[in-house]
Amino acid sequence: MATRTPPQAGIGDVLLKGGRLVDPAQGADGACDLLLRGGRVEQVGPGLPVGEARVIEIPDGLVVCPGLIDMHVHLREPGQEYKETIRSGALAALAGGFTGVACMPNTVPVNDHPGVTTQIVRKAAEAGLAHVYPIGAVTAGSRGEQMTEFGALREAGCVAVSDDGHPVADALMMRRALEYASMFGMPVINHCEDPSLKDDGSAHEGPTAAELGLRGIPGAAEEVMVARDVALSELTGGSVHIAHMSVAGSLRAVRAGKERGVRVTCEVTPHHFILSDEQLTYDTNFKMNPPLRGTVDRDAMLEGLADGSIDAIATDHAPHHADDKAVEFDKAPFGIIGLETAIPLVLDRLLHTGHLSLTRIVELLATNPARILGLPGGSLAPGAPADVTVLAPDAEVEVSAAAFRSRARNTPFDGWKLKGAAAAVLVGGRTAYVNDQVAAATAFEVP
Amino acid sequence: MTPRTPADTGPAAASGQLSRLRSPHLLSAADLTPEEVLLILDTAGAMREVGTRPIKKVPALRGKTVVNLFFEPSTRTRTSFEIAEKRLSADALNIAASGSSVVKGETLADTARNLEAMAPDIIVIRHQASGACHLLADICSSRIVNAGDGMHEHPTQALLDLLTIRDHKPDFARLKVAIIGDLLHSRVMRSNVRLLTMLGADVWVCGPPTMMPAGIELQGVTATSSIDAAVEGADVVMMLRIQLERMSGHFFPSLREYHELFGLSAARLARARPDVIVMHPGPLNRGVEIASEVADGPYSVILEQVSNGVALRMAVLYLIAGVSEGVD
């Protein structure tokens, strides 16, 4: 592995030659070269002339696609740098095949003020790794009482607003947030979960939680708020994005809304379409919110990915220190990390099973996240940022938490053997990450 | 040399040739096989005799250190374990959360590591979090006995309940057992359901729908909110305590109505078999889940349960310690 700092200027032409280019935004899927110039895509097409460009020969079997964007991560900085920092999180993003991440505002202090946003933007620029897109809080301190200054947050660099970790519980507040955010073209991302129904639950309400004696969080806690938000989006015309959707009923509500033309989008995490509460034990690396749901819900998520009603795959990367997790299940914080496992999981469980096409996968991981958040990436059309992810769908990998670039190790997937990985990542035309586990990726090494 | 166990001295050991438990820990009733359950009950049967001696002590656990680590208030269970340990000549010490480093913010894992460093042989743990004993078993090389973990399990309570039932009704497979009350929060119910269904009993669980655990019927029981249906023809009626300390409201409107709908009165009990036995793990909420006339009445075996607790826990500690000498 090599991680390099992409300079912002003075990059010569780079030509990615060969390989299969998949870019749903252009309807492209096939043998195609890609010429990058000055941090942007210059030209796309078969057999492009080399000219002055440095050539990266893409080996057969690899796939060139727009830089992947994880639209839901927690970077913990400022305030909880012992769990993760913007730099370690951005390193993890690159190593996971992502050129950009959108970070949730539940830092300490909460990103509810342009001062905090500015700090995040500055730290991300200093790291000079992946793009970091801050998400501002909907309400001050995410306490649900006083709306934040969306205009100032937008100006400072926020791409959306959310109180993630907490729902926007008050329906009137959600209504006003949707109305007000629409003025700035920002979606409101909601962690949908009725607090009274969640109560002090720590696992999905079902036979497994009952057996383990864990307090349940019913699927309906999510579904009722998703249904509410679809109705409020319809009422206001504002864009709502459902974070980490996990139950079948929520998907039904989203589908029904989309059929009526409501501006609702949604994401699902790899763990919610791969695992279910059947895997649940007292291992706190299986504790996250929303919790691992029933198999019916998991299967519904797979269906929603295939039929197009789910817009994005996001990881909800939630780093926690081992000490925080080495406690009683009830006491452990919710959340698992996902940046460095997402691509292998997606390729193994969705592509190689024949469940989704590569085009659909790229749509879920790049095209749609960019569209929902209004980001410049998500496409390799001429003029787009030269952010590129190269996938090695056939690479055999074993998840090793000990080798993660993230500061955290809280994953339930440690030791999993999977097929598929990110081979390399270019940010702004610069090779920012090369996966030396994928032998064929040596071509990306910059002399 | 064949190790002698108390079971050898008991009448017709139903557990057959089995003389050891497979697991060094007792975390969940679900970890036991039917043969192991019977071994524990047979061993407890023999241990009962120790309690009738003028000097109620055998050297079986001499030189063994047993720590009773109690994070929740407990009178019955802690005393029962402590008496059991003393009758087996173990060195027993009690740690209560209120007098420990827990109040200084020490994590359970650190408490466990520190205890571990002092090399106790057995740790008996009572904790408000489900799975706390599993966390301890992961960290410690001591043997762990679960004395109640949150809403998960209370295996020694269920085993002593079985011992009590067997004294009156030896064939579990012929019994209808009704477990009635706050099912959702009850670790006693969970352990009993596992053991009783394992031994072939017809188990009914009864409580208001608000306190019915999701998917309880998957555990091989009949679930109902009709106490009359549950009690009808029952051989054993096991009442559960309304656990006000584990509740966060909204489960039922009032204790009065709860008693009206789910309290065990003498009139209701008349639906059961004439030789019914009434059980309760304690502590009682008189006039709530059980009327005093029933708790103190002729069918009640509630105090037998308590007596049996000592012998049963002696058996569990003895078997868990893997002692191969006899009790004499």
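Modeller: Between chain B and chain A the salt-bridge count is zero. Keep in mind that this is a predicted model, so read everything here as computed from predicted coordinates. The contact itself draws 23 residues from chain B and 16 residues from chain A. Put together, chain B and chain A bury about 1,400 Å² between them, and 56% of that is on carbon and sulfur atoms.

Now go inside chain A, where there is another interface to look at. The chain is divided into domain 1 (3-64 + 385-393 + 415-442) and domain 2 (67-373). Taken over C-alpha atoms, the centres of these two domains of chain A are 28 Å apart. Here 26 residues of domain 1 of chain A are in contact with 27 residues of domain 2 of chain A. The two domains bury about 2,100 Å² between them, with 71% of it on carbon and sulfur atoms. On the domain 1 side, Pro24(A), Trp416(A) and Leu418(A) lose the most area to domain 2 of chain A, and together they make up 23% of what that side buries. As for salt bridges across this domain interface, the rule finds zero.

Staying with chain A, have a look at a helix pair. Helix H8 (residues 248-259) of chain A packs on helix H10 (residues 295-307) of chain A at an angle of about 30 degrees, and their axes are 8 Å apart. Because angles under 35 degrees count as roughly parallel, H8(A) is roughly parallel to H10(A). From H8(A) come Ala248(A), Leu251(A) and Arg255(A), and they meet Asp297(A), Ala300(A), Met301(A), Glu303(A), Gly304(A) and Asp307(A) in H10(A). Sorted by class, that contact has four nonpolar, one polar and four charged residues.

Next, some backbone details in the loops of chain A. Most residues other than glycine have a negative phi, and most peptide bonds are trans. Against that background, the bond from Glu77(A) to Pro78(A) is cis, with omega near 5 degrees. You'll find Pro78(A) in the loop between strand E9 (68-73) and helix H1 (86-95) of chain A. A cis peptide bond also joins Val108(A) and Pro109(A), where omega is about 0 degrees. Pro109(A) sits in the loop between strand E10 (98-103) and helix H2 (114-127) of chain A. Then there is Ser142(A), which is not a glycine but has a positive phi of about 55 degrees. Ser142(A) belongs to the loop between strand E11 (131-136) and helix H3 (150-156) of chain A.

Back over in chain B, check Arg87(B), which is in helix H3 (residues 76-87) of that chain. Arg87(B) and Lys57(B) are 30 residues apart in sequence, yet 4.3 Å apart in space, C-alpha to C-alpha. Leaving out residues up to four places away in sequence, Arg87(B) touches Gly51(B), Lys56(B), Lys57(B), Val58(B), Val310(B) and Met314(B).

Conventions. Residues numbered from 1 in each chain as written. Chains lettered and ligands numbered in written order. Predicted model: local features only at pLDDT ≥ 70, side-chain atom pairs only at ≥ 80, totals over all residues. Heavy atoms only, no water. Axes fitted to C-alpha atoms, helices over the stretch in contact; angles between N-to-C directions. Helix = DSSP H or I, 4+ residues; strand = E, 2+ residues; numbered from the N terminus. Parallel < 35°, antiparallel > 145°, perpendicular 65-115°, else oblique. Contact = heavy atoms within 4.5 Å. Nonpolar A, V, L, I, M, F, W, Y, C, P; charged D, E, K, R; others polar. Domains from an automatic or database assignment. Buried area = accessible area lost by both parts, 1.4 Å probe. Salt bridge = Lys/Arg side-chain N within 4 Å of Asp/Glu carboxyl O.
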